[in-house]
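Reader: Walk me through this one, please. I'd like to hear what stands behind each word you use.

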Amino acid sequence: MLSMLSRIDARMTSSLHCFISVIRGKGGQDLDLQGKTSSDLMGLRWFSRINTVLIFLIGVMGLVSCSQDESGGEGPIITKVNIALDSVQFQKVYNLIDQGEQDSLLLYLSHPDPSFRVLAIRGFSGMMDEAYIDTVGSGILDPIPEVRRITAYVLGQSYHERAVPYLLKVFQNQDSLGIDPMTFRYALEGMGKCADSSFLSHLAGITTYQPTDTLLMEGQCLGLLKMAERGFSDPTATARMVKYLKDTVYSRSVRLIAANYLAVENSNNREIYRQELIESFEAEENPEIRMFIGTAIGKSGSEAESWIRRTLRIEKDDRVCIALLRGCTALPLAVRHRIWAGTLRDQNSQVARTAAGLIMEYGSSVYSDTYANWAFGNYAPEVYARLLGAGNKYVSNVRFRQMVQDLIFRRMRSTKDPFLKSDFIMAAGQRMETARHLIAYDAEETPPVVRISIIEALIQAANAADRLGSRERQFLIERWESGDVAALAVLSPFFAKNKMWFPELTADKARWTAQSTAISMPGGIEARMAVDKARQQLFGIEYDPLFYRKDQFYTHPVDWKLYEQLSDQPRAEIFTSAGAMAVELFKKEAPATVLNFIQLAESGYYDGKLIHRVVPNFVLQGGGNRGDGYGSMDYTIRSEVGPQYYDQSGILGMASAGLHTESQQWFVTLRPALHLNGRYTQFARVVSGQDILPLIRRGDQIETIKIHR
């Protein structure tokens, strides 16, 4: 223990004081909490007195010194963590995780082998309910660093204020447990997920970390990023992130998180950092950092216009250009419109498509004549559809608008590509007078992606016009009553929000109950969730967000025999109509997901399936059995989230409607996407062929997937 104390870093003690000041008065005296309101404390419970902590630590020291074997005699304590999932004992624990057996997992939190403690606690990453915070939180003082690390991470996954006292113990007890940078990293990140805004200044005020303290700085930055994602920002935090971003002495990972923060936070003082951001952008070689700086610059005021337009002309990475364009939404109308209009003929179709989409969403009738003229221009089809949508939405001259509308329907009828057809349907949905005519194009044999696009277009038009005709109402009701999972998923929340348009349906409790009961489970889980949430809103019927954890929905156990046949680094080759890529499968981190992927691939399921979704500079997604992104197999698998991060492009994750609803659809990131961390299973990464990712378009085929076990 003395040798542990001797390694304490004075810099960490200083940072600890930042946090202790939240719960300590001046001079180190305990604050009197009796007069505090619940809003002041955000439900935090006061820590036990120091003698209780000392008693606990004495017990921990006793555990460090000795342990008992099964016969009752003393034996050496196990300190090495080695989770071997090819062992039946570990498979038993993992099966409990896969089955959502939280109470059974608790029995392993006191297991003498820390490997079992780590695995059991990690199992709570995707099901960290408030009820388990106290029990799981006890692991924060475990003598084994790996246990403390995963405990800190999992507590953060609760996103609950009750986890904060346990996270603070990491800093309080560094003298007795020693300093483990990874534990500190997860605890700092967890504070950003769980603490209220009063902790923001303390988190931003840590100044003692050095550039070599990478893990500690990552934790601080992730904590601040999570605060920003929750709507909390602070001038000190912004200044800190600008400092980390501009100085290349800090690691790539720290600068990436700092750039993410600056792209996300919404303070009004960004213009004071404009020049520093521009200098950082121009000095940064990594496009995956540069893109987030570009978004932040776009939010820094109209004075950045000339720099943005010049940069768009010379920037070679289309993802950076797209990020720059999206950042311009905060600029004045005239400024952002000039920037977007200037890229409509960009040689990269994704850049031009993004600009056209932004014009359709954020344009103005001020440019009515311009949009009318664009309707007769020669543009790439995806760009043209969005420009016609802008014309339909904003052109004020009735005759010119009718000409635009005629062009929309002419192109919609002539195109054979269902995904491109859906773009022109979206254009028609910008105004009710055109959207209502889409009903004539719906039929049983119509591709699913087209049918759901018609529904979405009618919803878009109704929301914009704040009205809905009787014919359109009846059509939407009939589509809902058809039981189609896509129609149920999209229409149920729309009906619940707009009861005045559907008075009979939204008053008929029996119809909603019958619809919920009729949904095939678990394949229709997304539709079932939407219907049941609407039932709660309409009739006060309690919605259980964890209903799908029940035994009857556990339909796809882990195939451990297949697992044991895999090498330590299994791979897959994904052949698409745009080219091939090789991916490394994360067998140890996400065994159930990897096995499911392998089973589907080797069965030939993915052969001929479509890439149905491409969001420029975000993700591409495919593998669905309908081609429209809705519906799943006749089973679901559990989420396998943990301390793996979407910190680069080329990461493969499982698409879902929420935790534990995954089945067969997967996505590939086109850039770092840190907001997906801890929410979507990460099961592979591209190791070669990443250059094909920007070439893949909606409607491209997954020709086949070859597994190398």
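**Words and their cut-offs**

Author: Let's start with helix H17: the cover over its buried residues includes helix H15 (235–246), helix H16 (252–264), helix H18 (287–298), helix H19 (305–314) and helix H20 (318–327). Contact here means heavy atoms within 4.5 Å. This is a predicted model, so local features need pLDDT of at least 70 and side-chain atom pairs count only at pLDDT 80 or more, while totals for chains, interfaces and linings use all residues. Residues are numbered from 1 along each chain as its sequence is written, and side-chain values use heavy atoms, with hydrogens and water left out.

Reader: Which residues of H17 are buried, and why do you put them on the same side?

Author: Arg274, Leu277, Ile278, Ser280 and Phe281 are the buried ones. They span an arc of only 160° around the axis, so they sit on the same side of H17; the arc is taken from the directions from the helix axis to the C-beta atoms. On the face turned away from that side, H17 carries the exposed residues Glu282 and Ala283.

Reader: Why is glutamate 288 called buried?

Author: Buried means under 20% relative accessible area, exposed over 50%, and partly exposed in between (1.4 Å probe, protein chains only). Glutamate 288 has 9% relative accessibility, so it counts as buried. It belongs to helix H18, and beyond its neighbours within four places in sequence, its contacts include Arg252, Arg319 and Pro672.

Reader: What does the side chain of glutamate 288 make a polar contact with?

Author: With the side chain of serine 649, at 2.6 Å. The cut-off is a pair of N or O atoms within 3.5 Å; within protein, one must be able to donate a hydrogen and the other to accept it, and residues adjacent in sequence count only if both atoms are side-chain atoms.

Reader: How do you know whether glutamate 265 is buried or exposed?

Author: Its relative accessibility is 1%, so glutamate 265 is buried. It lies in the loop between H16 and H17.

Reader: And what about serine 482: buried, exposed or partly exposed?

Author: Partly exposed, because its relative accessible area is 45%. Serine 482 is in the loop between helix H29 (470–481) and helix H30 (485–497). A polar atom of its side chain lies 3.3 Å from the backbone nitrogen of aspartate 484.

Reader: Why are H9 and H12 called roughly parallel?

Author: Helix H9 (residues 145–157) and helix H12 (residues 181–194) pack at about 10°, their axes 8 Å apart. Axes are lines fitted to C-alpha atoms, for helices over the stretch in contact, and angles run from 0 to 180 degrees between N-to-C directions. Under 35 degrees counts as roughly parallel, over 145 as roughly antiparallel, 65 to 115 as roughly perpendicular and the rest as oblique. H9 and H12 are therefore roughly parallel.

Reader: What makes helix H26 mostly covered?

Author: Nine of the 11 residues in H26 (418–428) are buried, among them Phe419, Lys421 and Asp423. Aspartate 417 caps its N-terminal end, with a side-chain oxygen 2.9 Å from the backbone nitrogen of phenylalanine 419.

Notes
Helix = DSSP H or I, 4+ residues; strand = E, 2+ residues; numbered from the N terminus.
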